[in-house]
Amino acid sequence: MSFWRQVTHGLRGLLRRHERDREIDDEVQNYFEEMTAAYRERGFSDNDARRAVRQECGNLHAAKEQVRTYGWENTIRTWGADLRCAGRQLRRNPVFAAAAILMLGIGIGANTAIFTFVNSVLLRPLPYPSSNRLAIILSELGNSSRAPASMFELYQMRQRSRVFDQIAGIWVTNRELPDKGDPEQGKAGVVTSNFLQLFTTRPMLGRFFSREDDLENAPSTIVLSYPLWVRKFGADPRIIGTSVRLGRGSSVVIGVLPRDFRLIFPEDASVPPEVDYFQSIPIGPWEPNGPGFLHLVGRLRNAESLAAAQAELASIAAQINSIGERTKIANYHLYAFSLQDDDVREVRRTLYLLFGGVAFVLLIGCANVANLLMVRARQRLHETTIRAALGASTFRLIQQILAETLVTALFGGAVALLIGWAALQAIVAVEPASFANLGQVSLDLRVLAFTFAIAFLISVIVALAPISAVRRLKLAEDLKRSGRSTTPKQSKALIVLVASEVALAFVLLIGTGLLLRTFAHILRVDPGFRAENVFTLRVSVPNYEALREVQRALTALPGVQSVSTVSHLPLDDGGNWYDYYWKDGAPVDQQNTVMADMRSVLPGYFDTIGAQLIQGRDFTDSDDAAHQHVAVIDEILARRLWPGESALGKRVNVSDSPKGPFQFERDWLVVVGVVRHVQCHTLTATVRPQIYLPYALAPRPSMSMVIRTAGAVPDLVSSARKQIAALNRNLPITHLEPLSAVIDRARATSRFVSVLATLLAIVALQLALGGIYGVLSYCVVLRTAEIGIRMAVGAQRAEVMRLVFAQGFLPVALGIVTGAILSAVSMPLLDRLLFEVKPDNPRIYLLAIVAIFVLSGIAMLLPVLRAVRIDPMTALACE
Amino acid sequence: MTEWNTDVIQGTLDLLILKTLSLESLHGFGIGRRVEQVSRGVFKVNPGSLLTALQRLERAGWLDSEWRNTENSRRAKFYFLTRTGKKQLEIEEADWNRRASAVARLLRQEA
């Protein structure tokens with residue numbers, strides 16, 4: 001009842017404000033009249049009665065005002081009035097309003113975009129059941145770290161582990177796709193039968209692999225990815241249980257994975273997010289020194305921690321090391337990392353640094369808005385003082401200033417949403433593949449809340465400065481000055497604000513300079529091959545003869561200079577083939593410890609991609625199984641194995657021809673050539689040395705053809721397709737692209753980071769320059785009278801210029817010094833993103849200092865000119 | 001004339017208004033004068049506070065009001081007690097008596 005009255009009366013007060021006000025006026029008026037009448041009845045004259053009433057009850061209007069302020073609706077009304085007033089203030093100063101709103105918008109918007117991005121990559125848990133209990137298990141042996149495990153190791157771990165309830169392995173390779181139509185290449189995940197369960201709760205159709213699939217004479221079975229199921233089998237659910245062609249045999253489809261199934265593995269694992277189909281591989285004891293090819297994932301038991309897993313793996317490693325030939329391997333360790341952490345290991349640092357950069361921009365934006373508000377508060381100090389003198393309570397003054405900053409912040413937040421949305425679209429558009437492991441990124445509600453939280457927080461923070469000015473009001477003192485310009489004592493707060501803006505912008509400038517320099521180096525880096533005019537395509541061939549036919553057919557095309565083939569293109573994200581090697585005469589404890597990238601090639605490969613043969617010879621057609629087994633190695637391996645000697649004619653033990661699906665026979669090969677190292681994984685890091693084998697010794701099911709042309713050949717793609725189809729309709733061709741495309745992909749991360757950093761630095765610099773300009777303009781206005789007097793008593797223009805420049809450059813110089821110190825401390829954090837540039841590169845520091853001095857000088861020009869143009873007479877007349 | 005702490009007035013003003021209106025319906029000044037007369041000038045009522053209090057009590061549902069002519073045939077807003085207002089008066093009266101006697105007991109003890 002009473003609540004109902006509160007609401008209805010309050011609403012009446014809001015909606016029929018004038019009616020209610022009039023009623024209150026009438027009632028108060030009536031009170032005073034009745035009282036006056038009462039005095040008259042007691043014999044007072046009209047005048048005396050009125051005077052007595054005023055003495056007793058005070059001012060009639062004050063009473064009306066007191067009664068009117070009752071009720072909740074009144075709070076709304078005053079807020080409404082304050083907000084309207086704030087809106088008017090902003091409209092009256094459109095430049096101020098636009099500047100403040102844009103500064104907030106840019107800062108918050110950039111922050112939102114980056115936050116959304118970081119959130120989707122770093123903060124969101126992996127989309128797997130109990131993903132926090134999934135760990136990657138890696139081995140370290142000899143001098144290779146983060147190595148994949150052998151089947152022997154997996155078997156031993158599964159036998160011994162108590163901490164993990166599951167340990168599973170995967171190996172992704174290029175294979176033919178299961179098919180009804182034309183043969184085609186795709187990615188096959190060879191997994192242990194317990195693998196898929198760790199990454200999704202249930203298949204969309206059918207079942208996962210089970211132990212039965214591992215039995216010796218069980219039929220071959222496969223599980224399809226959703227996209228493959230849709231593309232190849234028309235999303236037909238009846239495919240489950242049927243037999244499909246797979247390579248030269250057939251296989252039974254037992255399940256289809258959910259649509260959103262993605263594998264999220266560390267970048268160096270060569271496990272791509274999307275795998276076309278899965279086959280199972282039985283877990284068995286295998287031989288102790290078998291090849292390491294499995295990427296292991298373990299699931300911790302409920303109560304177990306990663307530390308416990310680590311301790312257990314250490315003891316398992318010791319046990320494995322005491323079996324068979326493992327005994328002799330020095331430095332053998334097993335490590336477990338949280339899959340979530342390990343996945344973002346490389347990316348994390350980059351993202352946090354970007355986040356830091358954005359936070360800097362936001363800080364500069366805040367400093368600028370605080371600057372603007374402080375200047376405005378000072379300009380309005382007189383008005384505020386008068387309002388206070390007229391009886392406005394401090395609370396009402398604060399409320400009004402809060403309203404103004406709130407309006408600014410809300411508009412800023414709205415602009416920020418727009419900018420954030422646009423920025424996120426831009427980030428996603430240029431996002432390099434190395435980040436794209438979590439699917440879709442879209443602005444979500446939490447980010448929306450985050451943005452507005454920032455907007456409000458900032459509104460409160462910036463409101464504090466003017467309010468403190470109001471609190472420190474000395475009414476009488478200010479009124480005495482009565483609107484005359486205040487003494488030109490530049491407030492310390494303004495200096496500090498400008499100096500910190502300059503310092504933050506300086507740090508961003510240095511960081512960006514370093515990243516751009518890195519990118520320039522990456523653009524110039526020699527990958528060990530020449531990609532211009534080389535075109536590649538991947539083809540599946542059954543045997544050596546077929547491959548030679550394809551080579552010959554492509555060579556016959558017009559404009560083609562040479563054609564060869566390689567099992568794994570440099571800088572390609574597809575699978576990798578790497579294995580142990582050791583030189584002739586290596587003691588047993590140095591065997592099976594270090595790995596090299598293995599590549600199967602046809603003669604002419606080095607010439608075709610423009611790799612440089614340093615010593616010896618290329619393969620020839622007679623380098624086959626029937627003749628002496630030979631290899632070509634890269635300079636790094638040559639130096640490592642035979643420092644100071646020629647590698648030619650030396651023997652190295654490597655795996656060569658395949659025996660069974662996953663194993664290669666070990667054999668001694670004679671080194672016949674040494675080539676320059678080809679960057680295979682990144683443009684900047686040398687991961688492993690390389691060993692090239694003739695295809696005749698190491699046939700692979702899928703090969704990348706490399707075609708060098710004399711210049712641009714317009715219809716190369718279609719004629720190459722036609723040529724291969726003419727040979728054999730059933731040869732699947734994929735990945736037709738210029739070799740330069742893989743280089744572009746390899747540069748993508750660096751380009752992405754450089755572009756973002758440059759944008760941030762530009763925004764930061766502009767904001768800081770805006771701050772310098774704004775503050776100096778204000779100071780010139782404050783000092784108008786002083787400058788006028790100086791000029792009146794004979795100061796030259798040059799002196800006035802010096803005066804104003806000195807005032808402007810003081811905070812800039814302070815900011816540069818602070819910024820340099822901050823950079824010296826923080827730039828080493830960038831070290832791992834940098835390439836061939838040291839974080840303390842003096843040239844970049846020098847450039848940044850010069851740039852900031854020159855640009856801030858330009859920002860000061862207008863205020864300085866204004867100061868110089870001051871007419872002494874006008875300035876003095878103003879006083 | 002005693003200057004009354006506003007807190008004291010605030011605490012007792014509602015009770016005084018309710019009690020006054022339980023006898024007859026009155027307008028603002030009528031209430032003020034009655035309170036002043038009955039308390040023999042101990043309570044001075046400020047019109048701003050009184051009219052604000054009347055709004056509050058009306059919204060609480062204890063009072064209703066209507067515009068009527070006074071004996072001097074001026075239009076004034078008359079307030080009267082509602083049923084819940086009467087109940088509230090009983091509650092506040094009992095409450096006041098309890099407090100007052102407690103204070104009185106304490107003072108006696110002191111003496």
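Chain A and chain B meet in a contact that draws 20 residues from chain A and 18 residues from chain B. On the chain A side, helix H2 (17-41) puts in the most, with 9 residues. Keep in mind that this is a predicted model.

**The A–B contact**
- Helix H1 (2-15), helix H2 (17-41) and helix H4 (60-68) of chain A are the elements that each give two or more residues to the side touching chain B.
- Sorted by class, that side of chain A comes out at 11 nonpolar, 5 polar and 4 charged residues.

**Strand S4 of chain A and its neighbours**
- Strand S4 (residues 164-176) of chain A is largely enclosed by the rest of the structure, because 10 of its 13 residues are buried.
- With strand S5 (residues 185-191) of chain A, S4(A) runs antiparallel, and 7 bridges join the two.
- Within that pairing, Trp171(A) sits opposite Val190(A) of S5(A).
- S4(A) also runs antiparallel to strand S11 (residues 292-300) of chain A, this time joined by 6 bridges.
- If you want a spot to look at there, Gln166(A) has Arg299(A) in S11(A) as its bridge partner.

**Helix H2 of chain B**
- Over in chain B, helix H2 spans residues 28-38, and its buried residues include a run from Gly28(B) through Phe29(B), Gly30(B) and Ile31(B) to Gly32(B).
- Val35(B), in that helix too, is buried as well.
- Just past the end of H2(B), Arg40(B) adopts a positive phi of about 50°.

Conventions. Residues are numbered from 1 along each chain as its sequence is written. Chains are lettered from A and ligands numbered from 1 in the order in which they are written. This is a predicted model: local features need pLDDT of at least 70, side-chain atom pairs count only at pLDDT 80 or more; totals for chains, interfaces and linings use all residues. A residue is buried if 20 or more other C-beta atoms lie within 10 Å of its own, exposed if 12 or fewer, and partly exposed in between; C-beta atoms are placed from the backbone. Helices (H or I, at least four residues) and strands (E, at least two) are DSSP runs, numbered from the N terminus. Two strands pair if DSSP finds at least two bridges between them. Two residues are in contact if their C-beta atoms, placed from the backbone, lie within 7 Å. Ala, Val, Leu, Ile, Met, Phe, Trp, Tyr, Cys and Pro count as nonpolar, Asp, Glu, Lys and Arg as charged, and the others, Gly among them, as polar.
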